[in-house]
Amino acid sequence: MGMATLVLRDVHVPASPSWWPLAPGWWLLIAVVLLLIVGAMAWRLRRHRRRQAWQRWFDATNEETSPAGQVAAMSELLRRAARRLDASADRLEGEAWLRFLDGGHGHAFTQGPGRLLLEGGYRRDVDAAELAAARTVARARFLELMAGSR
């Protein structure tokens with residue numbers, strides 16, 4: 001056989017690899033991303049349920065019979081929550097206690113409706129509107145303290 005009978009063929013490039021099935025590294029990446037998503041959702045759900053429990057706990061102060069008893073119950077819960085940030089915070093009195101409750105976020109307790117916590121538990125009559133306003137700021141601060149924010 002001579003050179004004339006040699007048949008030359010073109011170079012064949014192999015087919016590119018298929019994207020399916022995925023390589024093990026991609027499966028690992030997908031698993032990590034799914035675990036992160038599930039973990040984040042579980043964390044948010046737990047946080048939400050915990051916050052709801054705190055809200056129910058605070059709202060139970062409405063069940064007190066007298067307005068003065070409601071103020072005393074709110075004050076007690078705030079003192080318990082304050083211990084989460086500072087072990088000696090529940091021993092503060094007067095203006096120092098109100099300044100702690102303000103926490104550098106305005107003056108809702110030192111100059112606002114939260115002042116009711118100072119003497120409202122000892123009053124014979126507490127105005128319903130004043131109690132509602134104090135409850136609003138006290139509830140918000142209670143949830144902040146329970147969450148651990150100053």
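## What holds the middle together

A nonpolar core is a set of buried Ala, Val, Leu, Ile, Met, Phe, Trp, Tyr and Cys residues joined through side-chain atoms within 4.5 Å, where buried means under 20% relative accessible area with a 1.4 Å probe, protein chains only. In this predicted model, the largest such core has 25 residues, and Leu78, Leu101 and Phe142 touch the most other members. Two or more residues come from each of helix H1 (24-59), helix H2 (67-82), helix H3 (94-102), helix H4 (116-119) and helix H5 (128-147). H5 gives the most, with eight residues.

Let's look at Leu78 itself. Leaving out residues up to four places away in sequence, Leu78 touches Trp97, Leu101, Phe109, Leu117, Ala138, Arg141, Phe142 and Leu145; a contact here means heavy atoms within 4.5 Å.

## Overall build

The protein has five helices and zero strands, with helices being DSSP runs of H or I at least four residues long and strands runs of E at least two long. Its C-alpha trace spans about 120 × 30 × 25 Å along the principal axes.

Of the 150 residues, 25% count as buried. Among contacts between residues at least 6 apart in sequence, 54% join residues at least 24 apart.

## Reading the numbers

Residues are numbered from 1 along each chain as its sequence is written, and side-chain values use heavy atoms, leaving out hydrogens and water. As the model is predicted, local features need pLDDT of at least 70 and side-chain atom pairs count only at pLDDT 80 or more, while totals for chains, interfaces and linings use all residues.

Methods
Buried means under 20% relative accessible area, exposed over 50%, partly exposed in between (1.4 Å probe, protein chains only).
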